[in-house]
Amino acid sequence: MEPLINDTKAPSRIGDRSTSDVVVRLRTQEGRDDWLYCHSHVLVEKSKYFADRLSENWPTCQIIDSRNCVEVYCQESDFDYHVNVLRLLYAVTDGSVDDMWHGVRNALSCLQVAVELGCQQIITACVKYLEAVPWEEAEEEEILRTVPGMGSQVEPILARLQPVNSTAIEGIFLSAIRFATSSPPPHLNDLKSSAQEQLEYMLTEDDDAPLLMANDEIKFEVRECLRGLLARFNNQLETFFSKPAESAILAGEILSFQSYLSDMSWACQILGKLEVMTELVSTWTEASEKIVMAIEVARSEADMLEMRLNVIEVASKVLEAIGYGTVILPAAKRLHMVLVWLPFVRITKHLLDSFPYDNPLTFKLDGERWQSLESAFVSIIVALPSADQAEILTEWLGNEHVRYPDLTEAFEVWCYRSKVAKRRLALSGAIHGVTDAL
C-alpha cells in the first residue's frame, strides 16, 4: 500500500482516521493494546524504525495488512512516553519542540523512546534541552544510569559531569584557598565557610580518591596563604596589648579574633592533609603565652569562656600534631607547650562545667575533642625527660582540678620507667654517665 499523499495544505493530525493510512499498535505484557491512527509519510520521514518497518525490504511487508499496522511492544511504565513521542513526530513536522518537554524526567524518558525508534529530530531536541537545564540530584542519578548507553549522539548531556583536567582543578583550588584564608569581612562569612568546606572535600579520600594531589607548587601557595593568616592573627594580638589598661576590647575586635581562630582551626585540617603543619605549630608555640594573656581582656564572662573554647579548639590540634609526632619540636618547646596550655585547659574545663545552663554558649567543644586533647597531653608528657615529667605530675596531683586532664596514664608510665630505669639501662649497656646520674 502506497503512503497516502495529502494534497491539502492542512497538516496531518495523529488520530485522524479519515486520513490515516497506518495504525501503530502499542502493546504491553500486561495486556494493554492501544491503536493510534497515524500517517506513513510522517512516520517514515521522522523515524528510522518506522521507515524500516514500512519499507518494501521489511521481511513481512508482503503479508496482507502488515504495512497498514505496526505493532510496538513496550514496558507499561514507558507506555505514555511512546504515545508522547508519536505525537511529537507531528509537532516536529509543524515546528520546534524545544518548549514541549515539561521537565527533565519527561524529556529523559522521551529521549529513551526516541533513541529506540530512531527519531533523530526528537533526539536532537531532547539533548539540547537536557544539556541546558538544571537537574535535581535524583534526576542526575537517573541520567547517569540511562544516558551513557545511548551512544555518542547524546554525549553533550554528560558534559557537566566529565572529569576536569588537573590544571583546571589546581586553578580553582588555589583561588579558593586564597579566598578562604583572606579573612574577608563578616558579610562574606557564609561564602568563606563554603569555600573552606569544599577545599577540605577536595582533599578528602572517601569512596573516591582526592580530587587534588598536592605538588610542591600547591604546598608553597598554601604556606603563603597561611603566613598571611598568621600575620593578621598576630597583628590582632598586638592590638589587644597596645590598648591602655582601662580601654575595653570592642565587640568587633573580639569577633575578628574569634574569626581568625576559626580559620586556623579549619586550616589545621587542610595542613594535616597536605602534611605541612610545621609552620602553624611553630607560630602557635611562639605565640602561646600572648594568646593566653589576650583571653584575660574579654569584656564579659561569656565572651571570655567562648574565646577560651575557640583557642582550645586550635590548641588541641596543635598539641595533637606535637604529641603524635606529626611535627617535631625540641624537648624545651614541648615542655613549654605543656606548661602554658595544661593550666589553661583545666581552668577552662572547670569554668565550662560551672557555667549556668540557662545562659547557653554559641560555641562548644564536643566530648571527643576534650578526650583527644587529654590524650595529646599524655603523649607529649611521656615523651619528655623524666625530671620534667616528675615536675608536671607533682603539680597535677596537687591541683584542685585533678580530674581533667586526667594524667593517670602518664603517671603510671613514669612510675614504671623510674622504678626499672637503672636495671634497664644497665642491662642495655647504657652510658656510664647516665647510670651514675640515676
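Q: Two strands count as paired when DSSP finds at least two bridges between them. With that in mind, which residue takes a positive phi in the hairpin of β1 and β2?
A: Welcome to this predicted model! Strand β1 covers residues 22-27 and strand β2 covers residues 33-38. Their hairpin has 5 residues between the strands, and the one with a positive phi, near 100°, is Gly31.

Q: How many bridges join β1 to β2?
A: These two strands run antiparallel. The number of bridges joining β1 to β2 is 6.

Q: Which residue of β2 is the bridge partner of Arg25?
A: Arg25 has its bridge partner in strand β2, which spans residues 33-38. That partner is Trp35.

Q: Which residue of β3 is the bridge partner of Val24?
A: Strand β1 is also joined to β3, residues 69-73, by 5 bridges. Here the strands run parallel. In β3, the partner of Val24 is Val70.

Q: Why is β1 described as largely enclosed by the rest of the structure?
A: A residue is called buried when its relative accessible area is under 20%. Strand β1 is largely enclosed because, of its 6 residues, the number buried is 5.

Q: Is Asp206 buried, partly exposed or exposed?
A: Asp206 sits in the loop between α8 (189-203) and α9 (216-242). Together with Glu205, Asp207 and Asp208, Asp206 forms a negative surface patch. Buried means under 20% relative accessible area and exposed means over 50%. The value for Asp206 is 42%, so Asp206 is partly exposed.

Notes
Residues are numbered from 1 along each chain as its sequence is written. This is a predicted model: local features need pLDDT of at least 70, side-chain atom pairs count only at pLDDT 80 or more; totals for chains, interfaces and linings use all residues. Side-chain values use heavy atoms; hydrogens and water are left out. Patches are made of residues with over 30% relative accessible area and no salt bridge: like charges are joined within 9 Å, nonpolar side chains (Val, Leu, Ile, Met, Phe, Trp, Tyr) within 5 Å. Accessible areas come from the Shrake-Rupley method with a 1.4 Å probe; for residues, only the protein chains shown count as cover. A salt bridge is a side-chain nitrogen of Lys or Arg within 4 Å of a carboxyl oxygen of Asp or Glu. Lys and Arg count as positive and Asp and Glu as negative; His and the chain ends are not counted. The place of a charge is taken as NZ of Lys, CZ of Arg, CG of Asp or CD of Glu. Helices (H or I, at least four residues) and strands (E, at least two) are DSSP runs, numbered from the N terminus. Buried means under 20% relative accessible area, exposed over 50%, partly exposed in between (1.4 Å probe, protein chains only).
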